[in-house]
Amino acid sequence: MVDLSGGFPVGYQGRNGGTLDTITTMDPDVMFNDLRRVLSQKSDTMVCAGTPYDTRQGLAGGHAYSVFGVAVIKNERLVKLRNPWGKDSGIWTGAWSPSWLRQNNIEERDFLKCVEGEFCMPYNDFIKNFDAMTIVYSLGQSLTEKHIKGSWTMDKPKEVFLLKLETDGEVFIA
């Protein structure tokens, strides 16, 4: 029995200890669109990402960051993150970071406006610099559970389930 009262986690891990761009079972476009869908919904869903120990361009090694937005600006897919330390150390210093925006005279407004510890970075740099990401889906009050007890064995035919949704929603099978 699994307790999902805190949410349903879905993890993404780089292949063989590599960064997220080494995931061969998922198209990076699909992962970006999943992030966009999840982060555009009004819910308590949480997304976090972790860095490997060897990092560059200001990121803290072996550290977790909150992921709380994605956008496409000037044909660039961007991810908005926050260092929970909440200070200017451990933040991205590459393209689309607050310092990069100032150097390139780009106004920090709307999605690009960041408070202390926040930064934006290109999605392609995100998947090259982070080795893990977890989406914790908030199950909320609308969660309904169905339990089916049984087992599959080699000599027993596999059972088939038909799932019919009466309203739009997300389905988790565990």
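Helices here are DSSP runs of H or I, at least four residues long, numbered from the N terminus. The model is a predicted one.

Select helix H1, residues 28–40. Its 13 residues should span 18 Å at 1.5 Å a residue, and the end C-alpha atoms are 18 Å apart, which agrees.

Now colour Met-31, Phe-32, Asp-34, Leu-35 and Val-38, the buried residues of H1. Look down the axis: they fall within an arc of 160°, so they line one face of the helix. Show what they pack against: strands E1 (8–13), E2 (46–50), E3 (64–73), E4 (76–82) and E6 (132–137), plus helix H3 (123–129).

Stay on H1 and pick Arg-37 and Asp-34. Their side chains form a salt bridge, 3.8 Å from N to O. The two sit 3 residues apart in H1, which means about one helical turn separates them. Asp-34 is buried at 18% relative accessible area, while Arg-37 is partly exposed at 31%.

Next, select Asp-29 and Arg-77. What joins their side chains? A salt bridge, 2.6 Å from N to O. This pair links distant parts of the chain: Asp-29 lies in helix H1 and Arg-77 in strand E4, 48 residues apart. Both are partly exposed, Arg-77 at 23% and Asp-29 at 38%.

Last stop: Arg-109 and Asp-110. Their salt bridge is 3.4 Å, N to O. Asp-110 is exposed at 64%; Arg-109 is partly exposed at 48%. The model's count comes to 4 salt bridges.

Technical notes:
Residues numbered from 1 in each chain as written. Predicted model: local features only at pLDDT ≥ 70, side-chain atom pairs only at ≥ 80, totals over all residues. Heavy atoms only, no water. Expected span 1.5 Å × (residues − 1). Buried < 20%, exposed > 50% of the residue type's maximum accessible area, 1.4 Å probe, protein only. Arc of directions from axis to C-beta. Contact = heavy atoms within 4.5 Å.
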